[in-house]
Amino acid sequence: MISRVLLLILLTGYSTWAQKVYEPLPLKVENKEGHLQEISDYESLMTDKAPREYRREFKKFYEGQYGFMQGLMDIGYFVHDDSLYQYIDGIFDHIKAGNPLLSNLKTRFFITVDPSPNASSIGEGSFLINIGLLRRMENEGQLAFVLCHELAHFYLNHTEKGFIKHLNLINSEEFKEKEKEIKKSKYGRLSKSMNLYKGYTYDTRKHSRDNESQADSLGLVFMKNTDYQLSASISTLMLLDTIDHYKYQKEIDLKRWFDFEQYSFKSRWLTVEQTMFGGRVENEDNFFDTDSIKTHPDCEVRWNTLNGYIRPFGPTTGRRLFVRDSAYFHQKFRKFDYEFIQGWIHLEEYGRGMFFTLKQLENNPDDPFLLGALMEIMRRIHKLQKDHILSDHVQKPSSDHEKEYRQILEFLENIRLSELAKLGYYFMEKRPDLATRSETALYSHIYFSNELQMHSRRDELKKLYRKTYPKGKYKKNINQL
Amino acid sequence: MKFRLTALVVLIGLNASLFAQSTTFDNVRKFTLRNMGAITEESTVQGYYMFYQMDKIKRKTYSYNMVILDQNLNQIATKSIVGNKYLSLLDGVYNKQSLFLKFYDAKEKKVSFQEYDLNAKMINKYSREAEKAERNVIAQGQAQEGANSGLYAINDVGFIDYHMVKNKDYGFKIQFFPSNDYKTWSYTSDVNSKMVTSASLIYADENVVVNSIVKKKRLMSKKAELEVLALDTRTGKVLFQKKLISKKYELLVMNGLESDEEGNIYLFGTYYKKGDKEFSSASKGIFSMKIDQAGQVLEEKYMDWAKAVAKHLPVNQKGKMKEGGYTYFHDFVRNADGNFYAIGEQYKKRASAAGITANVLSGLSGSTSGASNSEMKISNLLIFEFDPSFELLNVNMVEKDYSSVLLPAGALYQTPHYLAHMVNAMGGFDYRYLQFNEDKSIFTVAYTYREDVKKGKDKYILGNASYVDSEFSLDKVDLGKTAGSGIYRLFPAKIGNFMMLNYNSKKKTIEMKLEKVNF
């Protein structure tokens, strides 16, 4: 017989466990003023160092960069977590410790909500690392290579050099002559301008590809002076080569999620629209040559190049994939799948948000965070559609879209407002336990029952909400329903 | 619906470098949007065309880009066209086999057509001289949004174009362009006729093209002879041309639909007392008539205001409601359930405070104003529902704030019914368009009006009255809220959607938005 005490512990423990849903990282910037001051100081310094003839342009350029960073901070584009920032800071410190060249560089990094797999060096010492990239990192060594690569861009002043190159180009005698010629011409001004623009673009994109190659090789040099395995640089590029492939492969079965006893799935929700010409027609003459406008060399070219550098470095005994903390990495980084979904919600891109949430749910069907996120996205879609402003947040289907993603867009395209409310409502009715595990799911349930004018059910759910989440964030919202 | 826009310079978001700011590069991104419109296939929007002036390539010669978008605003094809600066793209239609575009060169006085196959390859070109009569109509149409270009698609068969000609008096010509193994043909109205004769398409399929013919002694005559002209789609031969005679009434045909597998045709419209002038008299009600392909009347049914409609609406024997006035019919359609719907809008002639004020002020200053003292009050939409045997089931009144159309001088002496035709020609009614889905289970009637807001800015509303599997629903859109800032224009879109074109005059950018209608 279980003692009362033990029973109480078990029940309390169960209740605590049942309510434990992942809490997304807060949108926050620590020491915002300090960062902006550092950025401003750097930009003043670099403006003073700029070639005299371009000082005005540089001032304007840096004002733009400052405004850009300030804007991102103000709109809640960055997330913050003390342990995560300390962890990544530690990787930066390790890289800098092995590379005295970097020790005087004032740098800072920010983790963005952006779900795209990217990282960037702004050029004034700020690095942006997207959640979308962090979630695909397989080990610490790959992250270290990414940071080394971005540090290399900054160390080599690629941003300033690129800007100077641009200014030199458009201020060159040759370019000015061509501009004069275009302005003087009576005929064909547009095609001449476009050719000039094409030349400019090819030039700057080649410059960009060269910069990427430089950042790869210098980044590898930085990495060589750390304890990280150099092969992580290769595996990073191989990962980037297939980064467009979905992390989770299992196909979404919409019927699985949206077929209910009380409300069955309608086959017309999956109807694919036919378009004139069957979709996009290849243009006989594309204006740009695709390869010439790439900003990065092909990944295969990049990793082959790096391989050529790594071999002469000799054996790599003693090097590791994890220098800081592998347990922390595995525990923390797998949560970025949730942040990835949250990122789509932050960016108010609900078509992709719904798609990726369902993708993850196919692998993890009972996850309360994912189920709650799905309800939240559907609720937001419903509200936007009701207000006739959905198109800013959900793409229309196109033959250019990947087939599985397109299916979700077609589904959202075919579904009617009242049907969407019913799906949300019955989804929750099928999962009564979800209400106590996900606050956002319960709020969505209340919202949909209100939309369907099921007032007594709505009121029951409101009572449940107030009891389960007495200090809940939707308190005011439910009072208005 | 065509978007009339001259010399609109638009910045297109080319994928430019972060640094690429120069006037030269701005030139690369600027285009002059000449024309834009929806590409339709029967009552469905299949996409859009945009016609840009790109570059002057030699003296009097310009390059244009014609961009084709699908119904989701995805760019699917771009074609380069060379022409003079007076070239415009009037309309585009699609018939499941090919896309057909109608151009007009105001300098050369030529109308031309281009046909594109399903790989967006041009497969046919046609052109003809545009006579003065046609040129005037085109100029008028270009000045007015939503004007009909006279071009229609016949699914899987070809395209048909209507235009005005000058014989002894004004007549018409119909030209057929095949997209299958049929031959091109044309039909011209009687060249010796001294009557003003016009034609409008009421129904077409692979066998027959049925037209409503109106003959008048003069352009502005109120008395007209009405006929139905049926042409063989294959050959253009006349199958029949006859006055649609009812023993008891005068008939005004509004629309036609295929009725059954035997190829019989349903005609719909309004009917009048014998001897009345159809264009200026109050109607007695709505009629439906089934005719065979020889023009023989097989069935006819009359739904009078006084008895049949009065059961559903408080109308008198002339169809007049005390507040709303009479009903002007825009369209007659049938859905997949076989039910028929007549879409009407209420109108009432009344004194105009603005007109009277203008005239008094002009009189005081010794001049004359062009305004009349009358206006047309346009109020609610009425949607009449009939069962497959044309029994009236219901009338849905869609309420909206009324609008007023100031009438020209002399309107005082005209009947409201005559003026209603004039108001319709001016685009003065609030009805905009009707959309069907592929299987005809859903249709939507779109209308716009200004909503009076007390102590606030008036709203411009798009209303959508929808029938989904014969169930009625209503959705209203605050267009200003959906558009955001800037000037916007409304376009029809695929079923369940509407399209807005927003023009930001500061940034000189165009944004197109496709939003869902709720039902």
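A polar contact is a pair of N or O atoms within 3.5 Å; within protein, one must be able to donate a hydrogen and the other to accept it, and residues adjacent in sequence count only if both atoms are side-chain atoms. The model is predicted, so local features need pLDDT of at least 70 and side-chain atom pairs count only at pLDDT 80 or more, while totals for chains, interfaces and linings use all residues. Residues are numbered from 1 along each chain as its sequence is written, chains are lettered from A and ligands numbered from 1 in the order in which they are written, and side-chain values use heavy atoms, with hydrogens and water left out.

In chain A, a polar atom of the side chain of A:E339 lies 2.8 Å from the backbone nitrogen of A:L25. A:E339 belongs to helix α14, residues 336–346; helices (H or I, at least four residues) and strands (E, at least two) are DSSP runs, numbered from the N terminus. Leaving aside neighbours within four places in sequence, A:E339 is in contact with A:Y22, A:E23, A:P24, A:L25 and A:I131, where contact means heavy atoms within 4.5 Å. A:E339 is buried yet has no salt bridge, and the nearest side chain of opposite charge, A:K332, is 7.5 Å away. Buried means under 20% relative accessible area, exposed over 50%, and partly exposed in between (1.4 Å probe, protein chains only). A salt bridge is a side-chain nitrogen of Lys or Arg within 4 Å of a carboxyl oxygen of Asp or Glu; Lys and Arg count as positive and Asp and Glu as negative, and His and the chain ends are not counted.

Chain B has five helices and 33 strands, and buried residues make up 57% of its 519 residues. Strands β20 (residues 285–291) and β21 (residues 297–304) of chain B pair in the antiparallel sense over seven bridges; pairing requires that DSSP find at least two bridges between two strands. B:G285 has B:D304 in β21(B) as its bridge partner.

Rings of Phe, Tyr and Trp (its six-membered ring) pair if their centres lie within 6.5 Å; planes under 30 degrees apart count as stacked, over 60 as edge-to-face and the rest as tilted. The rings of B:F176 and B:W185 are stacked, because their centres are 5.3 Å apart and their planes at 15°. The pair of B:F268 and B:F340 is tilted, because the ring centres are 5.1 Å apart and the planes at 55°. This pair links distant parts of the chain, 72 residues apart, with B:F268 in strand β19 and B:F340 in strand β23.
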